[in-house]
Amino acid sequence: MTDSTFVSAGPEFVQFARSYQHTAYRLEVRDNYADPGEAQHVRNFVAGQPGDDSWMEDWLGLILRRTLEGQRIERVRVITEPWSDYTRFGLNLSRLNTAAGEDIRYIARDRADELGLPTYGYWLLDSHKMCILRHDDQDVLLGADVIHDPAVIVEHAHYRDVARRFALPRADYLGTFDDEFLRKNNINK
């Protein structure tokens, strides 16, 4: 991006992502995210071990507080079927996010491609600030390009609107699968 500033992963990126006043939207497009803080939780989930979700308390508390203040946080996840282990992990965990007030929706990768959605993830904050997420080949977040070009920001608001329209809310998406399939994949509704 020509009109952007790179912010490396860490406190500066977290500060940017949490700087919204009204709305925060994220498009997630990867089948795996190699976040060191999640690694053991993903391994435990894949092994079928009971989860201790207490590590999510800070994030869930933030979502709940902001939702109660009238702020909105939402994301659309572009997913490949059959699901990766990380996608299954995320589908299961998202029950906590949605209970705290986050709107999480799902759209199949082929449908997202048909609709012309980006093949990269991004955050759009208050419809006037955004960043494009940058990952390495091992799915580790490197940081983000904070975009300053208003035309690019408007274009990504359009992508948000398209994704919102065609993606299914978590409950509706999971409702397309029978209970036995969800049990086999360790997904709690």
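Visitor: How many bridges join β2 to β5, and do the two run parallel or antiparallel?
Guide: Strands β2 and β5 run antiparallel and are joined by four bridges. Two strands are said to pair if DSSP finds at least two bridges between them, and the strands (E, at least two residues) and helices (H or I, at least four) are DSSP runs numbered from the N terminus. The model is predicted, hence local features need pLDDT of at least 70 and side-chain atom pairs count only at pLDDT 80 or more, while totals for chains, interfaces and linings use all residues. Residues are numbered from 1 along each chain as its sequence is written, and side-chain values use heavy atoms, with hydrogens and water left out.

Visitor: Which residue in β5 stands opposite Tyr-25?
Guide: The residue opposite Tyr-25 is Leu-124.

Visitor: And what does β2 do on the β3 side?
Guide: There β2 pairs with β3 in the parallel sense, over six bridges. Arg-26 has Arg-75 of β3 as its bridge partner.

Visitor: Why is β2 called largely enclosed?
Guide: Five of its six residues are buried, so the rest of the structure largely encloses β2. Buried means under 20% relative accessible area, exposed over 50%, and partly exposed in between, with a 1.4 Å probe and protein chains only.

Visitor: What is the strand order of the sheet?
Guide: The sheet is open, with eight strands in the order β1-β7-β6-β5-β2-β3-β4-β8 and mixed pairing. At its edges stand β1 (4-8) and β8 (168-169); each has a single partner strand, so one side of each is left without a neighbour in the sheet.

Visitor: How does β1 pair with β7?
Guide: The two are antiparallel, over five bridges, with β7 spanning residues 141-147. Thr-5 has Val-146 in β7 as its bridge partner.

Visitor: Which strands does helix α6 touch?
Guide: Helix α6 (residues 150-166) packs on the sheet and touches β2 (23-28), β3, β4, β5 (122-125), β6 (129-135), β7 and β8. Contact means heavy atoms within 4.5 Å. The direction of α6 makes about 100° with that of β5; axes are lines fitted to C-alpha atoms, for helices over the stretch in contact, and angles run from 0 to 180 degrees between N-to-C directions.

Visitor: Where does α4 lie?
Guide: It lies across β3 and β4, running at about 150° to β4.

Visitor: What span should α4 have, and how far apart are its ends?
Guide: Helix α4 has 16 residues (85-100), which at 1.5 Å a residue should span 22 Å; its end C-alpha atoms are 24 Å apart, which agrees. The expected span is 1.5 Å times one less than the number of residues.

Visitor: Where is its kink centred?
Guide: The kink in α4, of about 35°, is centred on Leu-93. The bend at a residue is the angle between axes fitted to the seven residues ending there and the seven starting there.

Visitor: What covers the buried residues of α4?
Guide: The cover includes α2 (39-46), α3 (57-68), β3 (72-79), β4 (103-108) and α7 (170-174). Among the buried residues of α4 are Tyr-86, Phe-89 and Leu-93.

Visitor: Switching to aromatics, how many pairs does the search find?
Guide: There are 11 aromatic pairs in the whole structure. Rings of Phe, Tyr and Trp (its six-membered ring) pair if their centres lie within 6.5 Å; planes under 30 degrees apart count as stacked, over 60 as edge-to-face and the rest as tilted. One of the pairs is Tyr-25 with Tyr-122, which is tilted at 5.8 Å centre to centre and 55° between the planes. Tyr-25 lies in β2 and Tyr-122 in β5, so the pair ties together parts 97 residues apart in sequence. Tyr-25 and Tyr-122 are buried.

Visitor: Which residues form the aromatic cluster?
Guide: The cluster is formed by Tyr-33, Phe-45, Trp-55, Tyr-86 and Phe-89.

Visitor: Last topic, backbone geometry. Which residues does the cis peptide bond join?
Guide: It joins Glu-81 and Pro-82, with omega about 5°. Pro-82 is in the loop between β3 and α4. Most peptide bonds are trans, and most residues other than glycine have a negative phi.

Visitor: What is the phi of Asp-139?
Guide: Asp-139 has a positive phi of about 70°, although it is not a glycine. It is found in the loop between β6 and β7 and is buried, at a relative accessible area of 18%.
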